[in-house]
Amino acid sequence: MSHDTLVAIAKTFGLFWMMGFFIVVVILAFRPSRRAAYDHAARSILPQADQDKGP
Amino acid sequence: MIATLSVVERQVGLLLSVLLALVGLVMAASAGYGVMAVHGSMALVLGIALIFAFSGSVSDPEPPADRIYHYYDAPIRFGIVMTLIWAVIGMAVGVWVAALLYWPEATPAAPWTTFGRLRPVHTTGIIFGFAGNALIATSFYVVQRSSRARLADAVSPWFIMIGYNLFSVWAVTGYLMGSTQSKEYAEASWYADILLVVVWVTYFVLYMRTLARRNEPHIYVANWYYMAFILVVAMLHIVNNIALPVSFSSDQSFPVWGGVQDAMVQWWYGHNAVAFFLTAGFLGMLYYFLPVRSGRPIWSYRISIVAFWGIVFFYIWVGSHHLHYTALPYWVQTLGMTFSVMLLVPSWASAGNAIATLNGAWHKVRDDATLRFMFVAAVFYGLSTFEGSFLAIRPVNSLSHYTDWTVGHVHSGTLGWVAMIIFGAIYTLVPNLYDRSQMAWPRAIDWHFWLAVSGTLIYVVSLWNAGITQGLMWRTYGSNGSLAYSFLQSVEAMAPYYLLRTIGGALFLAGAVLCAFNCLATIRAAPRGVEAIDRPLSPQPAE
């Protein structure tokens, strides 16, 4: 594989692969419908008494 | 160990012990003499000892039937003890070799005491012995508590613990006898590497099986980091250690990679050992123990997820920054440099997330030395990742590379971040695992904290000075265009810094010894047959 081929792949597929993955992760992590689930997950490791308190 | 196993599990253990003894015998007999024979004999002796232990108790009564309703903590206790033993060994050797740099004439006239053999004993003892045992032990704790599930079986945790420590002992004793693959952080011989692959695959399978039995709907983020650690370390270890033994009765081998490709594979491994051994697993530790100790949920669970994928995606590319200005193609160096700089974003997201979690609980940080260890760990994680991104920039690297600045940077990460979070986790775990409300000597934790912080600062600051001084002396030209300083002058200029780093390391070692004795006193105060005091396990999976 030549350097030019690699650069071409990096500038086309690589860009969409990295940016696409980043955007997908951000959407999955920050979509509002998951708020309750993540809040629950964040508190799930704490003792019951601490789970009931606010942040 | 054996009392917690069922009769069938003891029989499996006996079988595995026989296998270990046989492998040891074959290794020792085929090698005849030399390093491999010594290592074979070690495995043989360990196998025979385990055979005696198992065969004497195979017909003992079954453990209590309700054991499946409790977490399986015996391997964790073993792992914590091994962590402390390796901490003292690894750090003591580190202080000794640091002292040898200041007093080189103190090297005894025996080959195994030379700097070249002792230095990998220090690095392997710390990375694999101290950090590795801590990671495995805490991962067993975290996966059980956060999943509310018992470890998937009782034999494989012991197989992992014993196999892993046998690997570490093979590695460091091999270096003392002059055996090395000459790959940094991967010096162990080919057969030790094969043992580690078997252990590591078992570890991955056990972790996945335990997660599959979880009784929480969501896999808590700490487990993701531990899984990245297990999976990627397996990949790195296998690819970097592909080697052809000179013969099957010798510890010598040749890597299949050659030239600059070998250098690239080595530093792809080397930097990702930092990334996935010394960072990802420890972020798992941070994301579990910091919220638990402070009693506060992580500030932003969502940022922890985005940072996870950022770290996984960026870190894997950065290894080539170790090879600036070498035969490696220029664009590969640039690639490594660019990803190193981008890596600062997810790294600081994690460090900031940890510190923001403590915002509002500063009184706890002030009063609780254990939590202070975790706070300092997060601060040093932020500092050393900034420094790492900075050093990876090519012109900065031209000043810092081959100097002690690099060594100072590594120690800001290992002392300030890795060791601090381990001690924070240990001081949280040990009282819990041994049914104590607190450590036996609570004030000793404060002493340990200040010894560790002052030792780290003295160490890191003196090596910053050392490294920048070296770098500048090597690039200073006189008016006639020749170098202003000889190399020897730059070595002589290091004396005060090397003395200071020895003192800093000794302070850090003193704190670790104090920690070991504190844990010993806590363990001795515990009643026998103790169960951990914490949240209940749910025996039924939540569908």
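What share of the contacts in chain B with a separation of 6 or more comes from residues 24 or more positions apart? Such residues account for 82% of these contacts, two residues being in contact if their C-beta atoms, placed from the backbone, lie within 7 Å. The model is predicted, and local features need pLDDT of at least 70, side-chain atom pairs count only at pLDDT 80 or more, and totals for chains, interfaces and linings use all residues. Residues are numbered from 1 along each chain as its sequence is written, while chains are lettered from A and ligands numbered from 1 in the order in which they are written.

**View 1. The side of chain B that touches chain A.** In this view 19 residues of chain B are in contact with 18 residues of chain A. Helix 4 (115-147), helix 8 (259-294) and helix 9 (301-315) of chain B each supply at least two residues of this side, and helix 9 of chain B gives the largest share, six residues; helices (H or I, at least four residues) are DSSP runs, numbered from the N terminus.

**View 2. Helix 13 and helix 16 of chain B.** The axes of helix 13 (residues 369-391) and helix 16 (residues 442-474) of chain B, lines fitted to C-alpha atoms over the stretch in contact with angles running from 0 to 180 degrees between N-to-C directions, come within 9 Å and cross at roughly 20°. The two helices of chain B are therefore roughly parallel to each other, a term for angles under 35 degrees. Helix 13 of chain B contributes B:A369, B:T370, B:R372, B:F373 and B:V376 to the contact, and helix 16 of chain B contributes B:I445, B:D446, B:F449 and B:V453.

Key: Angles under 35 degrees count as roughly parallel, over 145 as roughly antiparallel, 65 to 115 as roughly perpendicular and the rest as oblique.
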